[in-house]
Amino acid sequence: MARKKRTGCAPKRPEELRDYTSPSGWGTPEVALEVGRLAEEIGGRMGMTRRQFLKTQMGMAATFLAMNSVLGTFFAVDTAEAAEKGAAAEASARLEEQFIFDVQVHYLHEDFPSPDGLLSLRRVADRWNGGGMEEHTHQDLLFENFYREVFEQSQTSMAVLSNAPADDRRGWFLTNERALATREKVNRRRGRRSLLAHGLIIPGQPGWLEEFEKTLEMKPDAWKGYTLGDPGGGSQYQWRLDDEKLMYPVYERMKRAGVTTVCIHKGLLPTGYAGWMDEDKVAHATVDDVGRAARDWPELDFVIYHSAIEKVIPTATDAEAFARTGRIDWVTDLAEIPEKYGVNNVYGEIGAAFADTCVAHPRLCAGMLGTLIRGLGADRVCWGTDSVWFGSPQWQIEAFRRLEIPEDMQREHGFQPLGPADGEVKRAILGANSARLYGIDPGA
């Protein structure tokens, strides 16, 4: 494990908490209509346009009110937060010193060849955010906007800069050198340790062991790998975590070097993948290889990103399948690994999976969190947002703080409640679990 260091986190002032982007309009058309009605009614009384209102903390509160009224009560929100100026900002400011450790943030290098797919995620989020009010360009995905959205427009205390590979090195989000240099750049700018960084591993690609050793010399805080080869699924370099010949010598090297957190992208397959991905490639996106690797390497911690949820954009059909069976592809498989293999070194990270479900399918989202906590334990679930693909992380922070698993789901599935925003479970997921993994003292 890395040595413990002081975080040096400074609280934000209440006046800095008033202009965060809200997730208004996410979910069903009925939710969008109700959000629009509240925006016009409340915003109009205050002399604000719909757009102005939805850009405030009041607009965020109105969104949660609308979702509760249409979908059932999932979010803790008071009517006053939407109707009274300053009430929502004050509620958020009361939690400004809460330690929030986001273990999945991203940005792109300037010459990234195909940003349109990632920009489409921002456009989807923007449609959910009041009806497509913003125009998005490649600049939204570059460093300066990344810094602004993560560290100036959210209450994120610390973050881990993550990465993604491609068979063609030009298609990497960032080189390892660039990612690790960004860690130092951000920490200098902020005057404290705020950003950690992954070293990307690319098993099987030409020169991959040399890249691994070179990256190790730069002292990454953890490792990131894609058993699928790349996020889009078109790579010719798939691999398995439990491949004894390919990976076990590398695990031994990681153990000796003391960088023992291994973050693995699983699930999150592109829409319509079944039409063009063969079964062997799909198998590399599942968690079939996690249990044995974790059992054979108890000295390492395996953090499964996106909690292995199958699709990049879950649908109403997926929500209905959970309601019918009580299972979520492949999240439930992940949650069953500790009992099946007798291990305690497997974690679930919720980046993108939370963003894609919390307001579009809150019952599915609640089911995902309940399933992970029931199987992995509340101390093995980690906060991540996949920002800046979805804009500033603040709306996800607000949604998670407010979300609760309904009592009928708790009874039916044996789920424990998430509890209050500053309660034990949410404190653990928002920061304490990842702090333990990365050797951070949240109280410093």
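The largest nonpolar core in this predicted model has 125 residues. By nonpolar core I mean buried Ala, Val, Leu, Ile, Met, Phe, Trp, Tyr and Cys residues joined through side-chain atoms within 4.5 Å. Buried is under 20% relative accessible area, with a 1.4 Å probe and protein chains only. Among the residues with the most contacts inside this core are Phe146, Tyr251 and Phe302.

A word on the model: local features need pLDDT of at least 70, side-chain atom pairs count only at pLDDT 80 or more, and totals for chains, interfaces and linings use all residues. Numbering starts from 1 along each chain as its sequence is written, and side-chain values use heavy atoms, without hydrogens and water.

Take Tyr251. Which residues does Tyr251 contact, leaving aside neighbours within four places in sequence? They are Leu241, Trp297, Leu300 and Phe302, where contact means heavy atoms within 4.5 Å.

Next, the rings. Rings of Phe, Tyr and Trp (its six-membered ring) pair if their centres lie within 6.5 Å; planes under 30 degrees apart are stacked, over 60 edge-to-face, the rest tilted. The whole structure has 19 aromatic pairs. Tyr248 and Trp297 have ring centres 5.6 Å apart and planes at 90°, so they are edge-to-face. Tyr248 is buried at 12% relative accessibility, and Trp297 is buried at 9%.

The rings of Tyr251 and Phe302 are also edge-to-face, because their planes are at 85°, with centres 5.8 Å apart. Tyr251 is buried at 0%, and Phe302 is buried at 0%.

Last, Tyr107, Phe143, Phe146, Tyr147 and Phe151 form one aromatic cluster.

Note on methods:
Buried means under 20% relative accessible area, exposed over 50%, partly exposed in between (1.4 Å probe, protein chains only).
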